[in-house]
Amino acid sequence: CAGQRKAAEAHTKASSTMKASGALSDCEQGVPPTRALDGASTSAASASASASASASASPLSPTAAHVCSVRVAREPARDFLPVSIVWCPIPMLTWICPIIGHLGIVTSDGTIHDFVGPYTINKSRSQLGFGRATKFVPVELDQFRSVSDDPLQDWDDSVEAASSRFEGLVHTLCYNNCHSHVADALNRIHYRGFSHWNTLFLIILMCTHGQFISPGRCMLTYCGTVCLVLPAILFFTLYYSTA
């Protein structure tokens with residue numbers, strides 16, 4: 001009996017040593033066996049773990065990792081541009097100065113809101129007050145501050161609040177204009193971490209981040225400028241060449 005007891009103690013001591021060194025298998029350590037993951041499952045598990053780690057480290061809401069992985073579906077060819085800032089040329093004004101145009105903002109269901117005149121907000125699923133959009137800036141869900149678990153609803157609420165406010169204002173060319181309306185919506189949700197958007201900053205944003213919907217819309221934007229500039233260039237060329 002004493003010999004068996006010593007043998008059992010020696011076996012227990014050896015097992016403890018092997019556990020500490022990691023030499024025993026899961027079954028030998030009393031851990032239930034798990035099914036081996038295939039390559040795809042392993043990648044998915046790694047991605048899930050990475051997402052969880054990002055969510056815990058992110059300064060955004062607890063669902064920030066999920067929000068950042070979601071991308072809004074847009075179809076520019078069909079003028080379906082939800083959660084975007086859209087732009088179209090204004091006849092004559094854009095022809096003279098191509099960076100100046102009409103600005104609108106789009107809700108998550110694709111409805112365009114744009115401030116077109118005194119006490120008037122145009123709401124359309126297809127075009128702005130001056131025609132179809134030729135450029136747009138897509139807005140992703142991780143580019144603005146969401147105060148709830150539904151960033152799309154927060155976006156829509158900011159657009160509706162801005163539209164409600166500007167429906168009670170007089171439209172002016174330089175101050176209360178379409179850019180001011182869009183800026184008000186963006187400031188409410190701190191778009192790109194910034195809450196001081198105005199006409200100048202939005203013109204710069206559209207010039208630097210705006211995407212043309214199609215080559216045809218690009219031509220539509222600049223055809224007026226070309227028609228004005230080319231005759232002027234030809235006139236001065238001929239005038240000074242004969243002088």
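## A helix across the sheet

Start with α7, which lies across β1, β2, β5 (135-138) and β6 and runs at about 95 degrees to β5. Helices here are DSSP runs of H or I with at least four residues, strands are runs of E with at least two, and both are numbered from the N terminus. The angles run from 0 to 180 degrees between N-to-C directions, using lines fitted to C-alpha atoms, for helices over the stretch in contact.

This is a predicted model, so local features need pLDDT of at least 70 and side-chain atom pairs count only at pLDDT 80 or more, while totals for chains, interfaces and linings use all residues. Residues are numbered from 1 along each chain as its sequence is written, and side-chain values use heavy atoms, with hydrogens and water left out.

## The sheet itself

Six strands make up an open, antiparallel sheet in the order β4-β3-β2-β1-β5-β6. Two strands count as paired if DSSP finds at least two bridges between them. At the edges sit β4 (120-124) and β6 (211-212), each pairing on one side only.

Take β3 (residues 112-117): five bridges join it to β4, and the two run antiparallel. Across that pairing, F115 stands opposite I121 in β4. Then there's α6, which packs on the sheet and touches β1, β2, β3 and β4. The direction of α6 makes about 30 degrees with that of β2.

## What's inside

The largest nonpolar core has 24 residues, and I85, L103, W155, L186, Y191 and L202 have the most contacts inside it. A nonpolar core means a set of buried Ala, Val, Leu, Ile, Met, Phe, Trp, Tyr and Cys residues joined through side-chain atoms within 4.5 Å. β1 (84-88), β2 (102-106), α5 (151-166), α6 and α7 each supply at least two residues of this core. α6 gives the most, with five residues.

A second, separate core has nine residues, including L81, V106, I112 and A133. As for L202, leaving aside neighbours within four places in sequence, its contacts (heavy atoms within 4.5 Å) are L103, H179, V182, A183, L186 and W197.

Most residues other than glycine have a negative phi. H190 is not a glycine, yet its phi is positive, at about 55 degrees. H190 sits in the loop between α6 (178-188) and α7 (199-209). R192 lies in the loop between α6 and α7 too, and its phi is also positive, near 60 degrees.

Buried means under 20% relative accessible area, exposed means over 50%, and partly exposed is in between (1.4 Å probe, protein chains only).
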